[in-house]
Amino acid sequence: MIWALLALLAGLVLLVVAGDHFVAGASRLATALRMRPAVIGAVVLGFGTSAPEMVVSSLAAIDGNPDIGVGNIVGSNVANLSLGLGVAALLVPIPFSRTALRRDVPWSVATAAIFALLVIDGDLSRLEGGLLAVLMALTLIWLVRTSHGDPTTDAGPDGLAQDAGRLLGNLTRALLGLLGVLVGAQLAVEGATSLAEQWGLSGGFIGFSVVALGTSLPELATVIAAARKGHTELIVGNLFGSNVFNSLAVGGAMGLVGAGAIDSPSLTGLGIGAMMAVVLLAYFGALVGKRAGRIDGVALLGLYVATMILLGTS
């Protein structure tokens, strides 16, 4: 047990340090590449910090444990928008831009609903996995094509040359930060999973709670780093973008490797219901207030705790 605790603590420390560098490099890439920070948050941070979910869920499906994989996806989506957004809102007010409310956030809700519809029957086939993967590819094309800003706002030739000169350094910093985040996540997940198994928790609950919390630590680490630096657009793009990647990319990967039957009624029932409730609450809260403040943060964190209790007792 002592080694599991050490792995968990080391992973958490590495996540915080690496996440800070990851956010700094990614946010500067947005300027150098003339891309909106929200898109950098959705594509670079969203995909990068969802890599642990993809690895864990795919390996779980290959090993014949789809409950852990699906629980990881559902639990990560819940953690992102309740724990992640809740913590961020406690640190700094999180405004939602018009573009985020009109396009990014609704698509995050839609992809979560699509994933829910495909797994609620207790099965995830290769055909369904292929459908999710195609939707992910179309999403990436759509994001990249709409990522560039107005050419009239670009800097002159000197500015472009300066950005090009800094591009490699920022890219290296972001990639090294991402590597550190992934290594930290792996350590944290292994430690947490080992502790959960020693404590006698079920596989479905481990997937939804412990594993999902572990693989969501990269999002939480980058959210904290972004909040400290005032990059609120990165926070919105990262969290809602991560949910898109979880639902489409991670779900698609699981299906393609052969997830099969999901033998956990509480997961496909209460778990899926909790995921959609959190996603819709975050969306409608953003529509009404156009921002997430400390009261919203407390409500979201309370919802996360309540979800854990309900699923644990079920």
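The bend at a residue is the angle between axes fitted to the seven residues ending there and the seven starting there.

This is a predicted model, in which local features need pLDDT of at least 70, side-chain atom pairs count only at pLDDT 80 or more, and totals for chains, interfaces and linings use all residues. Residues are numbered from 1 along each chain as its sequence is written, and side-chain values use heavy atoms, with hydrogens and water left out.

**View 1. Kink in helix 9.** Helix 9 covers residues 265–289 (helices are DSSP runs of H or I with at least four residues, strands are runs of E with at least two, both numbered from the N terminus). A kink of about 25° is centred on Gly271.

**View 2. Buried residues and end of helix 9.** Gly271 is one of the buried residues of helix 9, which also include Leu267, Ala274, Val278 and Tyr283 (buried: under 20% relative accessible area, with a 1.4 Å probe and protein chains only). Just after the helix, Lys290 has a positive phi of about 60°.

**View 3. Glu219 in helix 7.** Glu219 lies in helix 7, residues 203–229. Its relative accessible area is 0%, so Glu219 counts as buried. Val181, 38 residues away along the chain, has its C-alpha 9.3 Å from that of Glu219.

**View 4. The protein chain.** Ten helices and four strands make up the elements of the chain. Of its 314 residues, 54% are buried.

Methods
Buried < 20%, exposed > 50% of the residue type's maximum accessible area, 1.4 Å probe, protein only. Expected span 1.5 Å × (residues − 1).
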